[in-house]
Number of protein chains: 4
Amino acid sequence: MCRFLAYLGDPIYLEQLVCRPRHSLVRQSLQAEESKTVTNGDGFGIGWYGERETPGVYREVMPAWSDENLLSLSATVQSRLFLAHVRAATGGGIARQNCHPFHYGRYLFIHNGQVGGYGQLRRVLESALPDHLYEQRRGATDSELLFLLIMAQLQEGMSAPEAMRAVLQHTEALMQARDIKAPLRFAAALADGQQIWALRYASDDAAPTLYLKPQAGGCAVASEPLGDDVEAWRPLGQRQLAHLQPGRFELQPF
Amino acid sequence: MCRFLAYLGDPIYLEQLVCRPRHSLVRQSLQAEESKTVTNGDGFGIGWYGERETPGVYREVMPAWSDENLLSLSATVQSRLFLAHVRAATGGGIARQNCHPFHYGRYLFIHNGQVGGYGQLRRVLESALPDHLYEQRRGATDSELLFLLIMAQLQEGMSAPEAMRAVLQHTEALMQARDIKAPLRFAAALADGQQIWALRYASDDAAPTLYLKPQAGGCAVASEPLGDDVEAWRPLGQRQLAHLQPGRFELQPF
Amino acid sequence: MCRFLAYLGDPIYLEQLVCRPRHSLVRQSLQAEESKTVTNGDGFGIGWYGERETPGVYREVMPAWSDENLLSLSATVQSRLFLAHVRAATGGGIARQNCHPFHYGRYLFIHNGQVGGYGQLRRVLESALPDHLYEQRRGATDSELLFLLIMAQLQEGMSAPEAMRAVLQHTEALMQARDIKAPLRFAAALADGQQIWALRYASDDAAPTLYLKPQAGGCAVASEPLGDDVEAWRPLGQRQLAHLQPGRFELQPF
Amino acid sequence: MCRFLAYLGDPIYLEQLVCRPRHSLVRQSLQAEESKTVTNGDGFGIGWYGERETPGVYREVMPAWSDENLLSLSATVQSRLFLAHVRAATGGGIARQNCHPFHYGRYLFIHNGQVGGYGQLRRVLESALPDHLYEQRRGATDSELLFLLIMAQLQEGMSAPEAMRAVLQHTEALMQARDIKAPLRFAAALADGQQIWALRYASDDAAPTLYLKPQAGGCAVASEPLGDDVEAWRPLGQRQLAHLQPGRFELQPF
């Protein structure tokens, strides 16, 4: 289980969410409260949009709490849309290629959860990738694979929610066909440079938590509340999707 | 193009080949002489057999020339059979998972070369892996993939030379079927804890160099001579296989 | 606060203490029980003696729990005398140069604790180093500095306990002269290739814990018991020194 | 010997100098042309000013040529003033703490060169640091030490050129007093967020090269020309100082 956050709104320094709050993401890397794993020290990553369509990405295998580059970068770079993630590895090994956010073109993706029986499913899931996305596969995680599968659906013309639904349904169907009992868990955020889709989903009723906080000039989503203002963070329900756009957000059943 | 060495014989400190010679492997990481790429600084690895069947492996993404751990390890550990490799990445990214030697059970493998048109072939080559080896895939290199394919053949009962031949023929057949003109290049060493097979092979006539040096109590193979004793290093011919066993070695056409 | 262990006895695989026990040092890197800091993920190190006088040292900035090299090394290398350490940084930054064990010639040193008011004392403590040891200073920690100061005393002809006492007294005198109230804490192990001195000391009465476990063929010292056999681990008292030699150990007041 | 560059002018993407030119700094990390050491693969760093007084700094021990974070950061971040450096270690070990730029408050510093007889001089040079800067010492390089000494002079009220002159004269006097024959070499750039001072200096007449290129909207300084436009890069003379400010630059004898 990992921890993540996403922000869309007026440009702010990344540190305002990543490092500064009492229970910031960097703090959660050392001691998360609502996570199965207390420590999320198996690497981290941050992705942010500037003036170009393609985002910047900084990923590192060290724990977020001890990385001076992350502190400095977060105190210097402002962004209107960024994602950050701290990892507790469940598989795939420690490597930058296995750190979130994953990126392709103008898209960024962060994920907390897992595909039940991934070892049995990896081959068939990878076989569903079109050639040009198969070539993009760099690591060994289920998260990167889900992202590339979603990209494939987007390229087919689906909307982001449709693409996520198609990939999750496809995955669950494969799990059922193999009689895999371990659940599919999927708390994730996908961004295209203009908007964020954050989904809380699971094949059972224990989807990883997600919270949303509207704030002056923007909106943040996170695995757990970042500060003492716990009441300001609305929990998303099971199978609920948050759609963030400049100036507004919507919650939808999924 | 990478540089590597392999040794079988009386136990020696790893440093005697890895760090000490005037043109040692560590030195080659900074300045190789017979390589297309002068610098081999994209990580390195060392694998050695002790008293257990499973070898020890140390892989790191830093350049070999600046790694104090490698110096210290090589000065303290003795082994009767070890492999070492410095990497110049041609693809797959910088990660320990992409560093050689690759290992599985009691086997170690190092490779210098490439599969022409790998981007087009990766999917079909990976699809040839049996399930339990597919799950072992950690990185994105052609080298790791060739190793797992060879493992599959060994598990089917083939000898090491037969397994390498089967994989190379299968790969070349796929290249021809796709009309890929870029060559297959394969200088590699495979070890099982008791013996080493070192092969110099290419689909054209420009296989990466390999040299063999019989020495008191053992035998070494390397991409290029390691010291001033250049004449002591016999070049392997194109498509020649060296088979090293305790007390003897054989050269065979392949 | 860090966690460490030391072993002297019949050669064993490092993993028997480092990775295998239910509450092994690797496990403690993620979740220590008797430490002020639960997580000790700011790097680690291992030092072991082979056949040469100079020990091998492997230090890394990643958390011990995620380092495959450590697992492999520990499963392959046997030693009759080794030290291992997982770090929770209190100062000095994340770098291999700040990881334990520190080494000089045939000596190894690991430390858990801190020098109260170190920022004020660093300059005067460093000024006490003789030139050739001043040049050996690589990092910025109090631990490395204490080690080099102990080396200086050893080179003057003191025994190991005398050298530690001289350095601790000198440091405490400097602290008192500056009216520093923060305590000096010093749980440490020093090895010379033949013996280990493990000391539990503090200027107040809250020295970091140390436990000793005699076992068949040897003796281990650790910050906290490594397994379920908690009763087999004798706690050292405040200001108690354990002296381990082949075939025997002694506990002395300090 | 290292390679570096500095830029002041209209905001540009860092990549325009760091990664894009045919002979960019990233390219020089693999193959420099006017450097004693061809490969500058012992870490790198980049420092840039945004809207705050304190700059952002990203330093890493990997070679610049293989770091995807650097590529991504350089393609996303724009700055009106930045410094970048690739390192060929001459001493001090591989650690982020030994990578340039060094930073303190609003200042950044990059250096190519060395202090002759540094091993003999380190102690006396460090003793000249005031307490609060002594505490800032993180690594072991002569470069960091020269930077902190310059900071001390700036805090005494000197201008940047005066501070550099005072430190260089002090160092040379110490070298002469010890009869050190190895030269002092100092090609460096110092920035305060508004201006850059780039100095080419040596105690002999072999100061490391520096080139200056005025360009539309700004001015760049580099160890060697970055592109095919070699004539556009004016070599600085021995003991010449370039002072870059918004809209203008001056060359002065030093």
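Mentor: A salt bridge is a side-chain nitrogen of Lys or Arg within 4 Å of a carboxyl oxygen of Asp or Glu. By that rule, six salt bridges cross the interface of chain A and chain D. This is a predicted model, where local features need pLDDT of at least 70 and side-chain atom pairs count only at pLDDT 80 or more, while totals for chains, interfaces and linings use all residues. Residues are numbered from 1 along each chain as its sequence is written, and side-chain values use heavy atoms, with hydrogens and water left out.

Trainee: What makes D:Arg52 and A:Glu15 a salt bridge?

Mentor: Their side chains meet at 2.9 Å, N to O. The limit is 4 Å, so the pair qualifies.

Trainee: How do you know how much area chain A and chain D bury between them?

Mentor: Buried area is the accessible area (1.4 Å probe) that two parts lose on being put together, summed over both. For chain A and chain D that is about 1800 Å², with 36% of it on carbon and sulfur atoms. On the side of chain A, A:Arg52, A:Asn69 and A:Arg96 lose the most area to chain D, together 31% of what that side buries.

Trainee: Why is strand S10 of chain D called largely enclosed?

Mentor: Strands here are DSSP runs (E, at least two residues), numbered from the N terminus. Buried means under 20% relative accessible area (1.4 Å probe, protein chains only). Five of the five residues of S10(D), residues 218-222, are buried, so the rest of the structure largely encloses this strand. D:Gly218, D:Ala220 and D:Ala222 point one way, D:Cys219 and D:Val221 the other.

Conventions
Chains are lettered from A and ligands numbered from 1 in the order in which they are written. Buried means under 20% relative accessible area, exposed over 50%, partly exposed in between (1.4 Å probe, protein chains only). Helices (H or I, at least four residues) and strands (E, at least two) are DSSP runs, numbered from the N terminus.
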